[in-house]
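Here is a short briefing on how side chains pack in one protein model. Take a look at the structure, then read on.

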Amino acid sequence: MMSYYPYRFVMNYKGGVDDPYAQKTLYTFNSPRSHQGYMVWVEEYEHHFYAIKFHLRKDKNNKDRYSVMTGLGEARPVINTCIRIMLDIANRDELSSFGFIGASMLQETTINTKRFRVYRRIMATYVSEEHFEHRFNIKKSTYILLRRKAMKENPNLEYQIQERFIQLYPYFE
């Protein structure tokens, strides 16, 4: 059984003309262990694709918020909480696919980052290949869970998601 922290939905943010995503959803939770607050952002893109991002609440204005190591020793329950949010979305949206970037630490390259290696191991453990096809790019430290049902309906799904990310983030070229 996966242990996670209780979380709460905060609000939806609708994307505007200059906003690259249709919607962002904010969830928050507090760690009973470290007493720190976390923010989880779920960005929803075309084709029922969701990107999950999280950081400490205290780092919300830090430009490196996704690269900072917390040093709190609670990576597993924090990541499990993000997975629980992801699985709740998956239960509501039967065509949903998901993606993560294993952001590099401040002195680390973007290739096969420490975070990516952790995410890859945890995803393989908790997310069944029955419903999702697991794809990853070690050079970019990215992990994608493609919903098998969505791929049957749209055989170009993976390509379309990759193309959108290249448009949004030149990092993916």
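Leaving aside neighbours within four places in sequence, Leu145 is in contact (heavy atoms within 4.5 Å) with Met86, Ser97, Phe98, Phe100, Met123, Val127, Phe132, Glu133 and His134. This is a predicted model: local features need pLDDT of at least 70, side-chain atom pairs count only at pLDDT 80 or more, and totals for chains, interfaces and linings use all residues. Residues are numbered from 1 along each chain as its sequence is written, and side-chain values use heavy atoms, without hydrogens and water.

**Core**

- The largest nonpolar core has 29 residues, and Met86, Phe98 and Leu145 have the most contacts inside it.
- Such a core is a set of buried Ala, Val, Leu, Ile, Met, Phe, Trp, Tyr and Cys residues joined through side-chain atoms within 4.5 Å.
- Buried means under 20% relative accessible area, exposed over 50%, and partly exposed in between (1.4 Å probe, protein chains only).

**Aromatic rings**

- Rings of Phe, Tyr and Trp (its six-membered ring) pair if their centres lie within 6.5 Å; planes under 30 degrees apart count as stacked, over 60 as edge-to-face and the rest as tilted.
- By this rule there are 13 aromatic pairs.
- Tyr5 and Phe29 form a tilted pair, 6.0 Å centre to centre with 40° between the planes.
- Tyr5 is buried at 8% relative accessible area, and Phe29 is buried at 2%.
- Ring pairs link Tyr4, Tyr7, Phe9 and Tyr27 into a cluster.

**Charges over rings**

- Arg120 lies over the face of Phe136, 3.9 Å from the ring centre.
- The rule asks for NZ of Lys or CZ of Arg within 6 Å of the ring centre and within 35 degrees of the ring normal.
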